Amino acid sequence: MAVCPWCVQVFTPSGRGRPPRYCSPRCRKAQFQRERTLKRQVERYRDLAANNLGPFRDYWTEKAAEAADDLAAVQLAARQ
Ligand SMILES: [Zn+2]
């Protein structure tokens with residue numbers, strides 16, 4: 001029995017070899033894309049924070065921190 005880190009569904013890995021972490025290729029792909037999107041968001045927001053002044057800098061810094069938190073959560077879930 002295993003739990004898919006993307007859809008949190010319990011599934012029984014079939015076959016031999018290394019057990020799959022995801023219940024389906026669809027979930028594996030979704031997880032990968034979510035990570036990639038969040039990584040890009042963090043970069044983009046940090047960029048915006050660096051290139052803006054005053055209240056906008058704080059806003060983008062906060063957005064970057066939020067995206068970084070989300071990314072860390074997604075990565076942690078994927079590694080358990
Ligand atoms: Zn799944």
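Let's start at Asn52. Asn52 is partly exposed, because 14 other C-beta atoms lie within 10 Å. The residue sits in the loop between α1 and α2. Set aside its neighbours within four places in sequence, and Asn52 is in contact with Arg57 and Trp60.

One caution before I go on. This is a predicted model. The mean pLDDT of the protein chain is 92, and 99% of its residues reach 70 or more. Among the elements, α1 has the highest mean pLDDT, at 96. β1 has the lowest, at 88. As a general point, where pLDDT is low, the predicted coordinates should not be read in detail.

Now the layout. The protein chain has 2 helices and 2 strands. Along the sequence, the pattern runs β-β-α-α.

What about overall shape? The C-alpha atoms fill a box of roughly 55 × 15 × 15 Å, taken along the principal axes. A compact globule of 80 residues would have a radius of gyration near 12 Å. The protein chain has 17 Å. Buried residues make up 11% of the 80 residues. Residues 24 or more positions apart account for 37% of them.

Next, helix α1. It covers residues 25-50, so 26 residues in total. At 1.5 Å a residue, the helix should span 38 Å.

Which residues of α1 are buried? Gln31, Leu38, Val42 and Tyr45. What do they pack against? The buried residues of α1 pack against α2, residues 55-79.

The largest nonpolar core has 5 residues: Leu38, Val42, Tyr45, Ala64 and Ala67. α1 and α2 each supply at least two residues of this core. α1 gives the most, with 3 residues. In soluble globular proteins, nonpolar side chains tend to be buried together.

Look at Val42 in that core. Not counting residues up to four places away in sequence, Val42 touches Ala64, Ala67, Ala68 and Leu71.

Gln31 is next. It also belongs to helix α1. Is Gln31 buried or exposed? Buried, because it has 20 C-beta neighbours inside 10 Å. The cut-off for buried is 20 or more. Gln31 is in contact with Pro5, Trp6, Tyr22 and Ala78, leaving aside neighbours within four places in sequence. Within the chain, Gln31 and Ala49 are 18 residues apart. Their C-alpha atoms are separated by 27 Å.

Over to α2. Two residues there are worth a look.

First, Thr61, which is found in helix α2. Thr61 has 16 other C-beta atoms within 10 Å, so it is partly exposed. Thr61 and Met1 are 60 residues apart along the chain. Between their C-alpha atoms, the separation is 41 Å.

Then Ala77, also found in helix α2. Ala77 counts as partly exposed, because it has 15 C-beta neighbours inside 10 Å. Ala77 and Pro19 are 58 residues apart in sequence. In space, C-alpha to C-alpha, they are 17 Å apart.

Last stop, the strand end of the sequence. β1 is residues 2-3 and β2 is residues 10-11. Val8 lies in the loop between them.

What is the phi of Val8 near? Near 60°, a positive value in a residue other than glycine. For background, most residues other than glycine have a negative phi. Val8 is one to check in the viewer.

To recap. The pattern is β-β-α-α. The buried residues of α1 pack against α2. The largest nonpolar core draws at least two residues from each of α1 and α2. Asn52 lies in the loop between those helices. Val8 lies in the loop between β1 and β2. And the model is predicted, with a mean pLDDT of 92.

Key: Residues numbered from 1 in each chain as written. Helix = DSSP H or I, 4+ residues; strand = E, 2+ residues; numbered from the N terminus. Expected span 1.5 Å × (residues − 1). Buried ≥ 20, exposed ≤ 12 C-beta atoms within 10 Å, placed from the backbone. Contact = placed C-beta atoms within 7 Å. Rg over C-alpha atoms; globule rule 2.2 N^0.38 Å. Core = buried A, V, L, I, M, F, W, Y, C linked by C-beta atoms within 7 Å. pLDDT = per-residue confidence, 0-100.
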